[in-house]
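The following note sets out several points on the packing of this chain. Please read it alongside the sequence and the coordinates.

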Amino acid sequence: MSAPSPFMLPQRPSLLALESGAEYLPRLAWKNGFASAMEFGAITGFKPDSLIKMHDADAAWLWELTGIPKAEFKRFAMPANAIIRFGSGLVKRTQLQTTGVRYCPTCLRTDAANGIPHIRGPWKWRMIARCPVHGCVLEFDRLGVAHLENFESLAHEPCEQPTASSISSDSYFLARLVADNTAAQDNFLDGMPAYVAAEFCTVVGHLEAGLLGRPLKERIPDGFENPELRQLGFEIATHGRDAVWRFLETIVETTSKRVKHPLDMFRSVLYWASINKHNSDYNGVFRFLQEVAEENMPLAPGDAFIWRIKKRKVFTLATASVEYQLSEKRVLRVLATRYKDRELPRFLKRNDVHALLLEAASYVTTSEAAQAIGCSMELCDALIKRGHVAVFSNSEESTRVYRLVHKVEIEALLRQLDSCIDRSLSTAGMVSTSEVLRMRAYRAIDLFEYMLEKAIVRIASDSDVPRFNNLYFDLGEIRSVFKSRSTSPFDELLDVRAAGRRLGVKKSAVDQLIADNIFQSHIVTVSGRDVIKLSSADIEAFVNDHVSVSELARKMSADASEITRNLNGVGITPVVNSHYNLDHFYRRDELPETLIS
């Protein structure tokens, strides 16, 4: 055991649990008859202000005077490092009050009555705004304590008491400096260094204030030491990681339509990350925030939050349209089944919409099917009616019934088409599909079926991808096959005007139906001249599947023009766009039941 120091003072008060070495010196001086720590320093040649950093030599000098272990004097020291051990926690030195003194006037007043007045070391950390015992706002005296003869001038009447919840963050962060990190309800905040946890609470509180209607600014008012925001954030973060996750999701859901650019919601987070990203103490909380952003914000690969994004997990309507190759209107229709009673959110999570949109992407509309097959809508309708392509209806709850075709059906039909092509044939001297159909003597559906039946076999193509519109035919073979297949007797054919009377439309409308290959025309020589005739069976089949706007007008006692406008308004278009409204025909299976019942 070492011998007592010859400099040891006669009166050696104990260093109290939360007391720092710098604020202990005045009590030591008073106890040994000095008027103040400043007088004690003047006589001994020691500068009281040097105890703020508490170098080893300073701690050794105090040990010689008091016999108190040097480590106890260094407990709340503030050495000149960026991040320092302060009590039981890690803090930023810039967050510590290195000049003057912060104190609770009520504590000093109570100490004077019941114990030993002393300055608490944790009060130096500005992330503690109020005394956790009395609720007083900690006050600041820029002159410090070295000149004082006692603490009476710092003690006064208690300040107004806050509610218990308003000091919960101060109680927690005090515990982080003096205990073994057991104050939180789970290990989320405890898993961060004390200074990171305090800043995180302030950032969360700033976001909470934005949720309450305050402007979503990048900079936090009064910085990370804002006690009001820190308390707001702590009341959320103290409930753990899941609670913070849910809160941040709420931020995205609530504010997404208030901002033009999604990242504007988290400008304060991004600013915080930009000034601390180099510090590994923040990695855990920054990874958490990055994960929240990736799971809730429409960020594409290559975009940056705190770090670069590798995989898209959230869509907007536009990006979902591109990703699944569906029109935006189609995406809206598909998702309407999921968000029946709610407004469609601006941001769509992949996990919520992927299955629905992937299934929808497996189907195409009849117009898209016609484009894929390389044919007109009229031929596509005929293929559907003849059973070559199966169709499915969209949701019955929709205003309009849409016929959808599965891509598998189209692929199967195209494989059949491909099997009909003789790759050894050259297209030279052959006629294209469009040239064949322009002759008007041959109907598209018949041509298609004769191909599938192998009745027509001399078929060539100049494309690697088979489509009906890129085929070439031997015209002689077509004439021969169609002549052999024609079974319509003369008395079953109607001229164009008679067909118009049966349909209830003008001759010009019938001409348009022939031009669009809806009817197959037959050229018959009558009295030495060629006359176009139409099959009465084809006309009856057309009447069964279609209805004219004039018939609808008579049935409803309404104006035909008004009916046409109303149908166009809900996206229902006629099979032929004639100049006259009375010549419009609509597919019966596309019309609402109220019109055709």
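1. The model is a predicted one.

2. The residues concerned can be named. Helix 23 spans residues 507-515, and Ala-509, Val-510, Leu-513 and Ile-514 are buried within it. Viewed down the axis of helix 23, these buried residues fall within an arc of 145°, so they line one face of the helix. After helix 23 comes Asn-517, which has a positive phi, near 60°.

3. At its start, a side-chain oxygen of Asp-495 comes to within 3.3 Å of the backbone nitrogen of Arg-497. Following helix 22 is Gly-504, with a positive phi, near 80°.

4. Turning to another part of the chain, Leu-108 belongs to helix 5 (residues 105-114). Is Leu-108 buried or exposed? Its relative accessibility is 1%, and because the cut-off for a buried residue is under 20%, Leu-108 counts as buried.

5. The surroundings of Leu-108 can be listed. With neighbours within four places in sequence set aside, Leu-108 is in contact with Tyr-103, Pro-117, His-118, Ile-119, Phe-151, Leu-154 and Ala-155. The C-alpha atoms of Leu-108 and Glu-152 are separated by 7.8 Å, although these two residues are 44 residues apart along the chain.

6. The largest nonpolar core comprises 74 residues, and Trp-125, Phe-200, Phe-266, Leu-289 and Phe-305 have the most contacts inside it. Helix 8 (residues 194-211) gives the most to this core, contributing 11 residues.

7. Phe-200 illustrates the contacts made by one of these residues. Leaving out neighbours within four places in sequence, Phe-200 is in contact with Phe-188, Leu-189, Met-192, Ala-237, Val-244, Trp-272, Val-285, Phe-288 and Leu-289.

Technical notes: Residues are numbered from 1 along each chain as its sequence is written. This is a predicted model: local features need pLDDT of at least 70, side-chain atom pairs count only at pLDDT 80 or more; totals for chains, interfaces and linings use all residues. Side-chain values use heavy atoms; hydrogens and water are left out. Buried means under 20% relative accessible area, exposed over 50%, partly exposed in between (1.4 Å probe, protein chains only). Helices (H or I, at least four residues) and strands (E, at least two) are DSSP runs, numbered from the N terminus. The arc is that of the directions from the helix axis to the C-beta atoms. Contact means heavy atoms within 4.5 Å. A polar contact is a pair of N or O atoms within 3.5 Å; within protein, one must be able to donate a hydrogen and the other to accept it, and residues adjacent in sequence count only if both atoms are side-chain atoms. A nonpolar core is a set of buried Ala, Val, Leu, Ile, Met, Phe, Trp, Tyr and Cys residues joined through side-chain atoms within 4.5 Å.
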